[in-house]
Amino acid sequence: MAFQILLNVFLAFCWMFLSNDASAAGFITGFILGMISLFFFRRFLAHPFYLWKIFSIIKLFLIFIRELYLANVSVLKTVLSPKLDIKPGIFAFKTELTKDWEITLLSLLITLTPGTLVMDISDDRTILYIHAMDIEDAEKAIFDIRESFEKAIQEVSR
Amino acid sequence: MIVIAKIAVAILILMGALICLAASFGTLRLPDMYTRSHAASKGSTLGVNMILLGVFFFLWFITGEISAKILLGIFFIFITSPVGGHLICRAAYNSGVKLDERSVQDDYNGIRNFVIKRKEDSYL
């Protein structure tokens, strides 16, 4: 991905030199033209076209914002309800992610999910120990984490 | 236009302050250390970020200055606050703080073997 962005910047500079236009507008024009040509030459590149990856990063960011909002609403509901009938507990979650930064990002997202908080990661980096505010939602939480977060992170790192 | 901007800024800052207040209620009401950490790490993140966002929009709309420092502050709080909650919880568990008696499940029990055995009359 970094290689493709560098190539695109290089193409933009080529466009600036060709049109003898050393301004930001010239750079942006060259960048867009370079992006189009990279899109058409994408089968010669080692990795998928980098714009899709940028879209998936934006998607991950939107998931992050949504989960933060939902987490706060659920904490508010629990705290401000007159009776505290919660069942806290710690459950283990087996993750499929392998790289360190992916696991860090996943645990950051889990901590900001409604009602879950990462306690520890096992030494072989396969199991996350998660403290849940309400253990009866844990099954649903595991399903949500697998479906939304892991998929989104795998899309970014692919 | 200015009036609308001012109303939006006021709503943002008031919501942030209310969320911070609710998070502090949570740290008072919830039974044990771990559930308190839930309230603290989530509530304060969004509360402080909303206040900062309100200040950012105030500076942008009223004085016309885009303050990148505030955006950086929002970003850093997003990153550091969950990590803080995680580390505090982990340190508490490994130094022997008990879960609340309402807890129904503890998969983490016995994973780390350096749990410090406290005396009965200890403050923990």
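A salt bridge here is a side-chain nitrogen of Lys or Arg within 4 Å of a carboxyl oxygen of Asp or Glu. Across the interface of chain A and chain B, that rule finds 1 salt bridge. The partners are Asp120(A) and Arg90(B), whose side chains meet at 2.9 Å, N to O.

Some ground rules. This is a predicted model: local features need pLDDT of at least 70, side-chain atom pairs count only at pLDDT 80 or more, and totals for chains, interfaces and linings use all residues. Residues are numbered from 1 along each chain as its sequence is written, chains are lettered from A and ligands numbered from 1 in the order written, and side-chain values use heavy atoms, with hydrogens and water left out.

Now the interface. Contact means heavy atoms within 4.5 Å. Chain A brings 38 residues to it and chain B brings 35 residues. The buried area is about 3200 Å², and carbon and sulfur atoms give 70% of that. Buried area is the accessible area (1.4 Å probe) that two parts lose on being put together, summed over both.

Polar contacts next: a pair of N or O atoms within 3.5 Å, where within protein one must be able to donate a hydrogen and the other to accept it, and residues adjacent in sequence count only if both atoms are side-chain atoms. Between the chains, 8 residue pairs are in polar contact, both residues at pLDDT 80 or more. On the chain A side, the elements giving two or more residues are H3, strand S1 (89-94), helix H4 (100-111), strand S2 (116-121) and strand S3 (127-132). H3(A) gives the most, with 9 residues. Helices (H or I, at least four residues) and strands (E, at least two) are DSSP runs, numbered from the N terminus.

On a 1 Å grid over the protein atoms alone, a cavity is a set of points where a 1.4 Å probe fits but cannot get out, and a pocket is an open set with protein on both sides within 12 Å along at least five of seven lines; lining residues have an atom within 4 Å of a point. Points are joined across faces, edges and corners, and a volume is the space filled by probe spheres set on them.

The largest pocket has a volume of about 610 Å³. Of its 20 lining residues, the closest to the centre are Phe61(A), Phe64(A), Ile65(A), Phe75(B) and Phe78(B). H3(A) gives the largest share of the lining, 7 residues.

The whole structure holds 1 cavity of 30 Å³ or more.
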